[in-house]
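Hello,

Here is the structure I said I would pass on. Please open it first, then read the notes below it.

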There are 2 protein chains.
Amino acid sequence: MKALEDKIHKEGKVLPGNILKVDCFLNHCIDVPFLMEMGKEIAELYKEDNVNKILTIETSGIPIAFAAAQYMNVPVVFAKKNKSGNISDDVYSSRVTSYTKKNVYDAIVSKEFLSSDDNVLIIDDFLAKGNALTGLMDIISQSGATLIGCAIAIEKGFQGGGDELRAKGIRVDSLAIVEEMTEDVFSLSFRR
Amino acid sequence: MKALEDKIHKEGKVLPGNILKVDCFLNHCIDVPFLMEMGKEIAELYKEDNVNKILTIETSGIPIAFAAAQYMNVPVVFAKKNKSGNISDDVYSSRVTSYTKKNVYDAIVSKEFLSSDDNVLIIDDFLAKGNALTGLMDIISQSGATLIGCAIAIEKGFQGGGDELRAKGIRVDSLAIVEEMTEDVFSLSFRR
C-alpha cells in the first residue's frame with residue numbers, strides 16, 4: 001500500500017533495536033481516516049474469503065482490526081495479554097514471547113468467542129518474528145476454527161517471521177513490508 | 001441510551017465484586033455496528049464543543065473512542081499503562097489504581113501528542129470510582145490542554161465516581177448509568 005509506505009517514510013522513526021516507531025499515526029496517536037483506508041484495503045483483499053470473525057491482540061491491533069471489521073461486517077475478538085500465569089478453564093491460551101517488549105505473556109481468548117464454525121482473519125499492526133501471530137494461530141487451532149489468513153499493517157521483512165509463515169502455506173498479507181532500515185529513517189526500503 | 005441499557009440487560013452478566021461483564025459486545029468481542037452507534041451518540045452530545053482530540057486509555061476504551069472519532073473527525077490518543085515504574089522525560093504520566101484489576105500503573109502519554117492547543121474529550125468504556133479518568137485529567141492538566149468533558153459507555157452510578165466528578169463541575173456523560181445491580185443481571189436498574 002503505497003500510501004502507507006509514504007506515511008512511514010514521512011512520519012516514522014527508526015530507534016535502536018530495530019524498532020520502527022510509528023506511534024504518531026498507528027499505535028499511540030491514531031490517524032482515524034488513514035486507519036480506515038488501511039482497513040478498507042484489508043477488506044478488499046479478503047472479500048472473497050467468507051471471513052466471519054476478525055481476531056487481533058491488545059493493544060495496537062485493535063484500531064486497524066476495528067477499521068477492517070466495518071468494511072467486512074464482522075465482529076472483532078481481541079486476545080488479552082495475561083501476565084499473571086493463572087489461566088482459567090474457560091479460555092484458550094498460548095504462551096507468547098514479545099520481541100519488542102522482551103517479555104512473556106499468555107494470549108487468552110474466552111472459549112465463548114471462537115468455535116469450529118468460525119472462519120477467522122487475524123489482523124495485527126506489526127509482524128517481526130511472528131511470535132504473536134503464532135500464538136493467535138495456536139488459539140484458533142485449539143478452538144477448531146479455520147484460519148483464513150493474516151493481514152498485517154507493517155511487516156519487518158528482514159526479521160523473517162512473515163516468510164517463515166508463508167513457507168508453511170499460511171496466507172500473510174502485509175500492507176507494507178520493510179526490507180531494510182537503519183536508524184536514519186530515510187534509508188528505509190520496501191519490498192515490491 | 002436505551003439501546004445500550006437493553007443490550008446490557010440482554011447480554012451482560014454480573015459477577016462477584018460488582019463486576020459487570022459485557023465482554024460479549026464491548027471489551028473482548030466487539031459488536032462493531034453497535035459500537036458505531038455508541039460513537040455516533042457521543043459525537044452528537046459534543047458536536048458544539050470544538051473537540052479536536054479524543055483521549056482514551058488502553059485497552060477497552062479504544063474501540064468506542066475510535067468509533068466516536070470517525071463521527072467527530074478528530075484523532076484518538078490512547079494513554080498506555082506502564083507497570084515498570086520507569087517513566088521517561090518525554091511523557092506525561094499519572095499514577096492510577098485500578099478498581100477492577102486491583103493493581104497500580106502509570107498512565108502515560110507522549111508529550112508530542114497533547115498540548116495547550118488541544119480541546120480534549122476523554123472517552124472510556126467504564127466509570128466506577130473514576131480513578132482512570134482522574135489520571136487522564138491529570139495528564140491533560142500537565143499538558144496545558146483544555147478538558148471538554150468525559151464520555152463513558154457504562155457508568156456504575158452506585159460507586160460514586162461520576163457524581164464526584166460532576167460535583168467538581170466536570171462534564172460527564174454516560175450512555176448508561178447502572179444504579180443498582182446484584183449477581184442476578186435481571187435486577188439491574190438504570191438512572192433516568
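Phe66(A) and Phe66(B) are both buried. Please keep in mind that this is a predicted model.

A pair of aromatic rings is described by two values, the distance of the centres and the angle of the planes. Over all chains, the structure holds 3 aromatic pairs. In one of them, the ring centres of Phe66(A) and Phe66(B) are 5.6 Å apart and the planes are at 75°; planes over 60 degrees apart count as edge-to-face, so this pair is edge-to-face. This pair crosses between chains: Phe66(A) lies in helix 3 (residues 61-72) of chain A, and Phe66(B) lies in helix 3 (residues 61-72) of chain B.

Another pair is formed by Phe25(B) and Phe34(B), with centres 5.8 Å apart and planes at 85°, so it is edge-to-face. Phe25(B) and Phe34(B) are both buried.

Two rings in chain A have a charge over them. Arg171(A) has its charged end over the ring of Tyr46(A), 3.8 Å from the ring centre. The charged end of Lys7(A) sits over the ring of Phe25(A), at 5.3 Å from the centre.

How are the two chains related? Chain B is superposed on chain A by a rotation of 180° with 0.0 Å of shift along the axis, and the RMSD is 0.0 Å. The copies are therefore related as by a two-fold rotation axis. The C-alpha of Thr59(B) is the one nearest the axis in chain B, 2.9 Å from it.

As for the interface, 100% of the interface residues of chain B are also interface residues in chain A, so the copies meet through the same surface.

Regards

How values were computed. Residues numbered from 1 in each chain as written. Chains lettered and ligands numbered in written order. Predicted model: local features only at pLDDT ≥ 70, side-chain atom pairs only at ≥ 80, totals over all residues. Heavy atoms only, no water. Phe/Tyr/Trp six-rings, centres within 6.5 Å; stacked < 30°, edge-to-face > 60°. Helix = DSSP H or I, 4+ residues; strand = E, 2+ residues; numbered from the N terminus. Buried < 20%, exposed > 50% of the residue type's maximum accessible area, 1.4 Å probe, protein only. Lys NZ or Arg CZ within 6 Å of the ring centre and 35° of its normal. Least-squares fit on C-alpha atoms with pLDDT ≥ 70 in both. Contact = heavy atoms within 4.5 Å.
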